Amino acid sequence: MFSSVLVNLLLGSSLALGAPQPFSRRAQVAPHRGCGVHITDERVSSAERKFAASRIPPGAPNATATIDIHFHVVSANKTLEGGWVPDSQIAAQVEVLNKDYANTGLSWNHVNTTRILSQDWFENVGVDSPQETGMKHVFRAGNASALNIYTVGFVNGTAANSGLLGYATFPADYAGAPKNDGVVVRYSTLPGGTTKTFNLGRTLTHEVGHWLGLYHTFQGGCTGSGDSVDDTSPEESPAYGCPTKRDTCPGAEADPTNNFMDYTDDSCMSEFTAGQATRMKAQIRTYRDIKI
């Protein structure tokens with residue numbers, strides 16, 4: 001059972017009233033998967049050193065945990081094109097998350113939905129934007145263990161031009177910036193959405209993977225520690241579309257193009273590895289105070 005709240009937010013011209021406003025169809029166009037999570041190899045090395053020093057010992061091998069979800073639907077008006085995602089799509093997205101994470105020991109509980117009418121936020125929220133800061137500082141709910149999901153339009157600025165579908169914070173970031181914690185995704189990537197090839201809900205699966213501590217499978221390319229998971233084959237660069245038998249790193253196994261942490265189309269994503277599941281559990285034990 002979950003609750004739903006509607007907030008009319010007056011921020012300059014952000015309150016949407018009266019006739020629905022038109023929106024550019026570019027908000028529905030994504031030539032390939034665009035994730036706003038970009039982390040340098042130097043930052044990965046630093047983060048992994050700190051993680052190794054503070055890592056909490058593993059729990060039981062088959063331990064499970066249920067994580068609460070707070071959905072924040074940001075829309076410019078009460079039309080689907082304006083971001084007004086129906087409850088049915090939210091329920092379908094939670095179902096996708098539970099299916100995709102079923103083999104990791106993690107499950108998801110939808111606690112509540114907050115509906116926020118703000119044209120400014122719907123159009124302009126992006127990575128490190130002032131709109132993102134304002135939105136999260138007002139509406140983020142719960143502690144380190146709560147997943148806050150914000151659906152927006154990515155209509156204007158670099159987010160729209162780059163085809164951004166979503167981005168997320170990492171577990172280790174919470175202590176220094178708790179209000180910034182969470183996942184932001186394009187509303188039209190939820191199951192049944194209008195972003196073709198990316199409308200089965202796997203954008204959120206991918207971004208939640210970052211929120212749980214996973215890197216992209218192509219992190220670091222063919223050299224170094226890669227994504228810090230032993231059972232994902234190294235990958236020189238992101239894979240797009242639905243490639244088969246792609247092998248970009250000499251001497252390694254085929255690229256993990258069906259992994260949720262690559263960049264392939266939603267229909268081609270199907271798995272997290274056992275090593276990824278182990279890492280996620282270790283990350284949330286260490287940084288999110290989740291007992292698992």
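Q: Which residues are exposed on the other side of α2?
A: This is a predicted model, in which local features need pLDDT of at least 70, side-chain atom pairs count only at pLDDT 80 or more, and totals for chains, interfaces and linings use all residues. Residues are numbered from 1 along each chain as its sequence is written, and side-chain values use heavy atoms, with hydrogens and water left out. Exposed means over 50% relative accessible area, buried under 20%, and partly exposed in between (1.4 Å probe, protein chains only). On the other side of α2, the exposed residues are Ser-88, Glu-95 and Lys-99.

Q: Which residues of α2 are buried, and what arc do they cover?
A: The buried residues of α2 are Gln-89, Ile-90, Gln-93, Val-94, Val-96, Leu-97 and Asp-100. They lie on the same side of α2 because the arc they cover around the axis, taken from the directions from the helix axis to the C-beta atoms, is only 155°.

Q: What do the buried residues of α2 pack against?
A: Helices (H or I, at least four residues) and strands (E, at least two) are DSSP runs, numbered from the N terminus. Contact means heavy atoms within 4.5 Å. The buried residues of α2 pack against β2 (65–75), β3 (106–117) and α6.

Q: What distance does α2 reach from its first C-alpha to its last?
A: Helix α2 covers residues 87–100 and has 14 residues. The expected span of a helix is 1.5 Å times one less than its number of residues. For α2 the expected value is 20 Å, and the helix comes close to it, reaching 20 Å.

Q: How many disulfides does the structure hold, and what pattern do they follow?
A: A disulfide is a pair of cysteine sulfur atoms within 2.5 Å. The structure holds two disulfides. With bonded cysteines counted along the chain, their pattern is 1-3, 2-4.

Q: Is the link of Cys-222 and Cys-249 left-handed or right-handed?
A: The sulfur atoms of Cys-222 and Cys-249 are 2.1 Å apart. Cys-222 is partly exposed, at 34% relative accessible area, whereas Cys-249 is buried, at 3%. The angle about the S-S bond is -85°, and the link is left-handed.

Q: Is the link of Cys-242 and Cys-268 left-handed or right-handed?
A: A disulfide joins Cys-242 to Cys-268, with an S to S distance of 1.7 Å. Both cysteines are in the loop between α6 and α7, 26 residues apart. With 105° about the S-S bond, the link is right-handed.

Q: What distance separates the C-alpha atoms of Thr-278 and Pro-61?
A: Thr-278 is in helix α7 (residues 274–287). Thr-278 and Pro-61 are 217 residues apart along the chain. Their C-alpha atoms are separated by 8.7 Å.
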